[in-house]
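Trainee: Could you show me how to read the way helices and strands are arranged, beginning with a pair of helices?

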Amino acid sequence: MILGVLSACTSASPEDTVNDFLNTIKTSEKGLFDESLANYWVSDSSEMSEVSDIENYNDASAQMYLSYIKDFDYTILDSSIDGDSAVVSIEFTTYPIAEMSMAWMMEMFNNLFDPDIAALSEEELEIKSVEWFEEVASNYSKDRVNIVSVNLEKVDGEWLFSGDEDNFEFINALFGGMLSGFDGDEQ
């Protein structure tokens, strides 16, 4: 297991680390909840490790979000290396997850006092919630474009993502603006 974890983040260049990380998200059944993603970050610095700690990644709501978050396109535009530091510029195209989430919450709020909804079991309510999200999501397209920089550090010969604070814009873009969208400060 340890060898698998170490080989998962072995990268010859900063671009390789970025590509490996993003392709793991896109192809892993768990997407952002894949535990191996924490291995791409300088230790003890990543909220990504907290994301991968979420145990119910396969419930219907998480899978619904995951399907939209995993459906992103990216292009590496440029990179530069300065000693043991590197910056990789990426263009992301994602769904506007923050906007979609706000519209979904409004839909749920609008139905909050419906007696038919109040009578649903927890399982039925989760199914209904997913239906509402899919209905809301059908009004959106994958057209949110962000150009962000990713900061990496060379640690023991491997390129790893620097801490969260150094890469907030990258994480936010990856989440379709979800981290800043609720503040009205979407980037």
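**Reading helices and a sheet**

Mentor: Helix α4 passes helix α5 in a right-handed crossing, a crossing being right-handed if the near helix is turned clockwise from the far one by less than a right angle, and left-handed if anticlockwise. This is a predicted model, in which local features need pLDDT of at least 70 and side-chain atom pairs count only at pLDDT 80 or more, while totals for chains, interfaces and linings use all residues. Residues are numbered from 1 along each chain as its sequence is written, and side-chain values use heavy atoms, leaving out hydrogens and water.

Trainee: At what angle do α4 and α5 pack, and how far apart are their axes?

Mentor: Two packed helices are described by the angle between their axes and the distance between the axes. Here α4 (residues 60-70) and α5 (residues 97-110) pack at about 150°, with axes 11 Å apart (lines fitted to C-alpha atoms over the stretch in contact, with angles from 0 to 180 degrees between N-to-C directions). The two helices are therefore roughly antiparallel (over 145 degrees; under 35 is roughly parallel, 65 to 115 roughly perpendicular and the rest oblique).

Trainee: Which residues of α4 and α5 make the contact?

Mentor: From α4 come Met64, Tyr65, Tyr68 and Ile69, and from α5 come Ile97, Met100, Ser101 and Trp104, contact meaning heavy atoms within 4.5 Å. These residues divide into seven nonpolar, one polar and no charged (Ala, Val, Leu, Ile, Met, Phe, Trp, Tyr, Cys and Pro count as nonpolar, Asp, Glu, Lys and Arg as charged, the others, Gly among them, as polar).

Trainee: In what order do the strands of the open sheet lie?

Mentor: Strands of a sheet pair through backbone hydrogen bonds, either parallel or antiparallel. This open sheet has four strands in the order β1-β2-β3-β4, with antiparallel pairing (at least two DSSP bridges between two strands). β1 (73-82) and β4 (158-161) are the edge strands, each pairing on one side only, and the twist averages 30° from one strand to the next. Four bridges join β3 (residues 144-155) to the antiparallel β4, and helix α2 (residues 14-27) packs on the sheet, touching β1, β2 (85-94), β3 and β4.

Trainee: Is Asp156 buried or exposed?

Mentor: Asp156, in the loop between β3 and β4, is exposed, with a relative accessible area of 77% (exposed is over 50%, buried under 20%, partly exposed in between, with a 1.4 Å probe and protein chains only). Its phi is near 50°, a positive value in a residue other than glycine.

Trainee: How many helices and strands are there in the chain?

Mentor: The chain has nine helices and four strands, which are DSSP runs numbered from the N terminus (helices H or I, at least four residues; strands E, at least two).
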